[in-house]
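Subject: Handing over a structure, with notes

Dear colleague,

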Amino acid sequence: MDEIKLRRGLQEVTLKKLPGYFAVRLKQGKAASERALEACCGRSKAEIEHVDSAATENMEIFTIKETAKLEETMDELREAPASDVITHMYALDDTPGGAVIPTGTMTIQFKSNVKDEEREKILAEFGLEVLEELDFLPHGYTVKLTDASKENPLKIAAKLQQRKDIVTAEPDLSFQISFKHIPIDTLYREQWHLKNRGDGVGLVAGADVKAEEAWDYTRGSRDIIVCVMDDGFDLEHPDFNAPGKIVAPRDFGQADFDPNPVFEDDNHGTACAGVAVAEENGTGVVGLATGCAFMPVRTSAWLSDESIVSLFQYAIDNNADVISCSWSAAAWNFPLSTKMNGIIHKAATEGRWNKKGCVILFAAGNEDRPLNGQKDGQISHQGFALHPDVIAVGASNSMDQRSSYSNYGAELTICAPSSGSPGRRIVTTDRRGTKGYSTDDYTNDFGGTSSATPLTAGLAALILSVNAELASAAVKRIIMDTVDKIDLENGQYVNGHSPRYGHGRINAHKAVALAAGDSEERLPEVLFMEHRVNKPIPDLGATEDDIKFPLEVINKEIEVTLDIKHTYRGDLRVILKPPQGDEIILHDGSGGSQKDLIRSFRSSDEPGLFASVIGTSAKGNWHLKIMDMAKQDVGNLNKWGIAITYT
């Protein structure tokens, strides 16, 4: 079987076998070269070459010169006592970074009514062994294939996905990540993104984040921790080597607690961290949240479902307040697995010392493509930036124009100043000495959404520095509500949102002032949460989704918004189940042959509809269920949201 179709998260993907490539994990040690593999598993009859390492999964990647001998070679290696996993490699799409490796583990989620003995019977049928129960995925487990498994994890997943007692069955995959910087082959005045005076070519006064005005309120508190997940950090750099600055360092690439750079090109993380949190010390540069603490977490160029869980669980366990990720999967078409969705949601809703959720940011990316759509016939689905709990960050340049490389779409949250023609690039920290992007301790060549993302992370840290009791969803709302709408002529704004700039370019002054209570506006007593889910509604079937409201507040008013595309809305029944109170039937077959259901339901307009939940707690899961009650027509839940006015 050269390809196989599977559901991954909310999407269907096609995994195509890569001819000529295979991956190896040994029971002990690593086969990090042809000679090491031969020493452990014997001489191969075919000519093979080591090409890469997926360090977090302890897997080594090889290519074989004569592809016709691939199966024979892999079978020989499987017979070696030292081998643990010998697997084909697959591609999610045709992009250069589309390769993935099945790791030998899977995520399985049973339906709630499946008894333990039935679960054990299913696991035994496929030779699976439980490694852990997943606290962020009800009735979910990480399982491992064993010698009793008769098929590979992709084939097992395909069979399990057809069973009525299974909610989710997905093979865990190792994948490449792509860092979102675009390299070109006493510095504060050069940091135009903090204060743009418009005093040079490529500069427009005010095309910045208004940092100096925000610093009148705070330069950041050491109690607020910004976690940057990236490729390595020069922790002896004077802008990081300060008392109380470094908190809980970790290296998941090398499995130790030293996240300093390992390889020659481990330059990206040092630059990203400087944009967010470089210390004010009288020399060099400053970060936007210069006084905040810094949690450096080094990743690997290859990650997996399990390593994503480890990364975010580490941030949760060590009380990170803000998590900045200037990277994405290298594959263009990369839906998040159920496991990845779950751990990111857990961090966003249960993280931080006060359990009010980590503020999580991902770079939108630099390929000038839609976050969710198609370009030149290639599917683009950037799963991390599309997660509903994430702030997806695009880039604008030093002239308040769109950076031409910045990815775009309805899912873009905001943008922040970064590089882009005909403007300037970003000045930030670099590895000391001759290593890094320059031969100095600083670089003036940084940029991309890689720089826009930690800049926005710095703003989130400033907001929490003046008001640490805010939930992560409230921080996201403040950032969105206080933006500057730039480039009104070309921004294509509709209802306050632009596919090019999101809600607009961040404004640190307005955001921090609002969070501190020093604004003509008030802190939002209305919190709106939206899921852009893009779930199909099958004929005579149903689709369901949950929004987890994070605040322990009392419902004063409620508004529910629906965006459902359907060819015959009279077929639809829509039910909302709040955390407290009775089910609410929002729609029950009305509308006849009209298409689509795009509207809002407000307690102020229909008090009887929401009577059972007004005055109850808003905290918890709000469950939406859409049922197609008649034959022939189908549809799609594009998005839905709830706005809670609370007391």
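Strand 18 and strand 19 (residues 378–382) pair in the antiparallel sense over 4 bridges, where two strands count as paired if DSSP finds at least two bridges between them, and where Gly373 stands opposite Ser380 in strand 19. Strands here are DSSP runs of E with at least two residues, helices are runs of H or I with at least four residues, and both are numbered from the N terminus. This is a predicted model, in which local features need pLDDT of at least 70 and side-chain atom pairs count only at pLDDT 80 or more, while totals for chains, interfaces and linings use all residues. Residues are numbered from 1 along each chain as its sequence is written, and side-chain values use heavy atoms, with hydrogens and water left out.

Strand 6 is another element to look at, because 12 of its 12 residues are buried, which means under 20% relative accessible area, as against exposed at over 50% and partly exposed in between (1.4 Å probe, protein chains only). Strand 6 pairs in the antiparallel sense with strand 5 (residues 83–91) over 2 bridges, and there Ala91 stands opposite Ala99 in strand 6. With strand 9 (residues 166–179) strand 6 is again antiparallel, over 8 bridges, and Met106 stands opposite Pro171 in strand 9. Strand 6 and strand 8 also run antiparallel, joined by 5 bridges, with Thr105 opposite Lys144 in strand 8.

How many aromatic pairs does the structure hold? There are 14 aromatic pairs, a pair being two rings of Phe, Tyr or Trp (its six-membered ring) with centres within 6.5 Å, called stacked if the planes are under 30 degrees apart, edge-to-face if over 60 and tilted for the rest. One of them joins Phe110 and Tyr141 edge-to-face, at 6.0 Å centre to centre and 70 degrees between the planes. This pair links distant parts of the chain, since Phe110 is in strand 6 (residues 99–110) and Tyr141 is in strand 8 (residues 140–145), 31 residues apart. Phe110 counts as buried because its relative accessibility is 2%, and Tyr141 is buried with a relative accessible area of 14%.

A stacked pair is formed by Phe362 and Phe384, at 5.0 Å centre to centre and 15 degrees between the planes. Phe362 in strand 17 (residues 359–363) and Phe384 in helix 9 (residues 383–386) are 22 residues apart, and the pair links distant parts of the chain.

Lastly, some backbone angles deserve a look. Most residues other than glycine have a negative phi, and most peptide bonds are trans. The peptide bond from Ser421 to Pro422 is cis, with omega near 5 degrees, and Pro422 has its place in the loop between strand 21 (414–417) and strand 22 (426–429). His139, in the loop between strand 7 (128–134) and strand 8, has a positive phi near 60 degrees.

With best wishes
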